[in-house]
Amino acid sequence: MKPASVTGGKLRLLTDLDEAKASQTVSIPVSGPAGRPEDDRMVSLERRGLLTRGRGGVVEEILNEPPPRARTGASALQTLLEEREDGPAPP
């Protein structure tokens with residue numbers, strides 16, 4: 001999908017319309033007080049209840065900590081199969 005801006009002027013808008021006529025997808029987002037740009041797929045998933053968007057920012061603590069290490073000899077497949085049988089381990 002190609003983003004386009006209405007404020008880009010009449011010439012740009014006419015070019016975008018020509019591209020749309022040629023079966024290319026052109027997105028013209030509305031920003032400011034009238035609305036904000038949205039990804040159609042995300043909006044569709046959110047309306048169907050399959051997606052919940054975050055409302056806050058990134059938690060700095062997560063970015064500053066090293067990732068957890070797997071136990072020696074641990075198997076992701078074996079852990080997955082065990083969780084399917086027993087349910088997830090308590091936190």
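Let me start with Glu 83, which counts as partly exposed because its relative accessibility is 38%; the class lies between buried, under 20% relative accessible area, and exposed, over 50% (1.4 Å probe, protein chains only). This is a predicted model, in which local features need pLDDT of at least 70 and side-chain atom pairs count only at pLDDT 80 or more, while totals for chains, interfaces and linings use all residues. Residues are numbered from 1 along each chain as its sequence is written, and side-chain values use heavy atoms, with hydrogens and water left out.

Now the overall layout. The protein has four helices and two strands, in the order β-α-β-α-α-α along the sequence. These are DSSP runs numbered from the N terminus: helices are H or I with at least four residues, strands E with at least two. Of the 91 residues, 4% count as buried.

Helix H1 covers residues 10–21, 12 residues in total, and reaches 16 Å from first C-alpha to last. That is close to the expected 16 Å at 1.5 Å a residue, the expected span being 1.5 Å times one less than the number of residues. Just after H1, Ser 23 has a positive phi of about 70°.

Back to Glu 83, which lies in helix H4, residues 76–86. Leu 77 is also placed in helix H4. Leu 77 is exposed, because its relative accessible area is 54%.
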